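Subject: Structure handover

Hello,

Here is the structure I promised to send. Please open it alongside this message; my notes follow below.

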Amino acid sequence: MNCSSLNSIALTHRFGWSLEERDPEVIESYLPQWEWFYRYYFRVKTDGWQHIPESKVLLVGSHNGGLASPDMVMMMYDWFRRFGTQRPVYGLMHSNAWQIYPALAQLAAKIGAIMAHPQMAIAAFRKGASVLVYPGGAQDVFRPHSQRHQIQLAGRKGFIKLALREKVPIVPIISNGAHDTLIVLGDCYEQARQLHELGIPWLFGLDPQVFPIYLGLPWGLAIGPLPNIPLPIPITTRVCPPIVFERYGRVAARDQDYVDACYEQVSTQMQSELNRLVAGL
């Protein structure tokens, strides 16, 4: 194993497992660049920020637009310009991202990314910070363009258990337009998985969970979860009213029927809000 690989492993194990990597000065240094994209490239329109309470919340979003996820970046910029860089918010980032892009992971940690693990989210809440999560992950961010107006949380309910256990409200965040910044034609993951079973290794040795075919920059036609440059499509974002459940605590978090019901409530409300946003309401 060469020195580069060893350094990558060291970075992977270090970054994402501490709340102290977040650096408000680094965030401040990126605000002018994000502002340019916000105002001139994506021409963002947004509303609903009055729904963010002064206390900690679990922000739950629907991913759009490939690995670039421009709506997520614009949401983060909106948070910083409205609440400042001193009010902490941490974003849960999938373990694959920490392993594949160690240099980017180091920067992400300084902006507030942490490992997508319950203990890190709990630590952030105990510190009084808010937490941002996109449960749908790869399946959501690369869902077909025909499903761009559908909430896809991929059946993952860990965020519900987290909110119940830590007794925090869920604030959904949605967007329209970001999934037009690349055009996902379909997913050939099953075919890729079959090739893997025949002996073709996964890139970086990691199961990507999706293998999309899409049109976008800079590749034109791309196959696989490659990084992309989003097209300059206008994006509209919305912060939805908080969702407060009837029951909270460890007992509620262990009640699978109750967790399922809460998941359906969040998914249904997010879909309803997205339908309104797409309709221009």
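Start at Pro 218, which sits in the loop between S8 and S9. The peptide bond joining Leu 217 to Pro 218 is cis, with omega at about 0°. Keep in mind that this is a predicted model.

As background, most peptide bonds are trans, and most residues other than glycine have a negative phi. Both points come up in these notes.

**The sheet around that loop**

S8 covers residues 212–216. Four bridges link S8 to S9, in the antiparallel sense. One detail for your viewer: Gly 216 has Gly 220, in S9, as its bridge partner.

**Two residues with positive phi**

Now two loop residues. Ala 154 has a phi near 60°, a positive value in a residue other than glycine. Look for Ala 154 in the loop between helix H7 (137–141) and helix H8 (158–166).

Lys 167 is also a residue other than glycine with a positive phi, here near 55°. Lys 167 lies in the loop between H8 and strand S6 (170–176).

How accessible is Ala 154? Its relative accessibility is 30%, so Ala 154 counts as partly exposed. Lys 167 has a relative accessible area of 58%. The cut-off for exposed is over 50%, so Lys 167 is exposed.

**A nonpolar patch**

Last, the surface. Which residues form a nonpolar patch there? They are Trp 36, Phe 37 and Tyr 40. Together they have about 360 Å² of accessible area. Trp 36 lies in helix H2, which spans residues 24–41. With a relative accessible area of 42%, Trp 36 is partly exposed.

**Where to look**

- The cis bond between Leu 217 and Pro 218.
- The bridge between Gly 216 and Gly 220.
- The positive phi of Ala 154.
- The positive phi of Lys 167.
- The surface patch of Trp 36, Phe 37 and Tyr 40.

Best wishes

Conventions
Residues numbered from 1 in each chain as written. Predicted model: local features only at pLDDT ≥ 70, side-chain atom pairs only at ≥ 80, totals over all residues. Heavy atoms only, no water. Pairing = 2+ DSSP bridges. Patch = residues over 30% accessible without salt bridge, like charges linked within 9 Å, V, L, I, M, F, W, Y side chains within 5 Å. Areas by Shrake-Rupley, 256 points an atom, 1.4 Å probe, with all protein chains shown as cover. Salt bridge = Lys/Arg side-chain N within 4 Å of Asp/Glu carboxyl O. Buried < 20%, exposed > 50% of the residue type's maximum accessible area, 1.4 Å probe, protein only.
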